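Hi there,

Here is the structure I promised to pass on. Have a look at it first, and then read my notes below.

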Amino acid sequence: MIGYSFIILLIAIVTACLSELTLYLLVYRTEHYTKLKLTLERQAKKLEKKKESAAWTPKLGANQKKKLEKTEEKLQVDNREINMIKMKSMGLTHRNLMGSDMQDCSFIFLYILSTMAIRENLQKLSGFGPSRAVARLGG
């Protein structure tokens, strides 16, 4: 049983690498994605600077608060759009399995869980994941 888990993990690693390669070829090097990523980075830096300057200012005016909120909204919208581009998937654990042992889990659940864990690290290693500033500010 443990051997099968390792086989599934190996398959997940291989397919995660293949899917990241495919995403690079079809998504990451497109002009739309690169522009969106650059915009997201700029907005995150701009928001960080505005928040730092707001921390030093005792009272913020209504205009400054609105500008800060608009920048946060833009950042969230762009972050949502970039996540929609990447297309993530989900699965269920015990669905359509025979038996009542709740410690059993389906292949697809283990595969998707492994892929999600591996894929995130692959994106960070290859430089296509969100930067720390965007991850911190964008949620």
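Below is what I found in it.

This is a predicted model, in which local features need pLDDT of at least 70 and side-chain atom pairs count only at pLDDT 80 or more, while totals for chains, interfaces and linings use all residues. Residues are numbered from 1 along each chain as its sequence is written, and side-chain values use heavy atoms, with hydrogens and water left out.

The fold first. The protein chain has five helices and zero strands, in the order α-α-α-α-α from the N terminus (DSSP runs numbered from the N terminus: helices are H or I with at least four residues, strands E with at least two). Of its 139 residues, 25% are buried (under 20% relative accessible area; exposed is over 50%, partly exposed in between, with a 1.4 Å probe and protein chains only). Among contacts (heavy atoms within 4.5 Å) with a separation of 6 or more, 75% join residues 24 or more positions apart.

One nonpolar patch brings together Leu-10, Val-14, Leu-18, Leu-21, Tyr-24, Leu-25 and Leu-26, with about 670 Å² of accessible area together. Patch members have over 30% relative accessible area and no salt bridge, and nonpolar side chains (Val, Leu, Ile, Met, Phe, Trp, Tyr) are joined within 5 Å, like charges within 9 Å. A salt bridge is a side-chain nitrogen of Lys or Arg within 4 Å of a carboxyl oxygen of Asp or Glu. Leu-18 lies in helix α1 (residues 2-28).

Best wishes

How values were computed: Accessible areas come from the Shrake-Rupley method with a 1.4 Å probe; for residues, only the protein chains shown count as cover.
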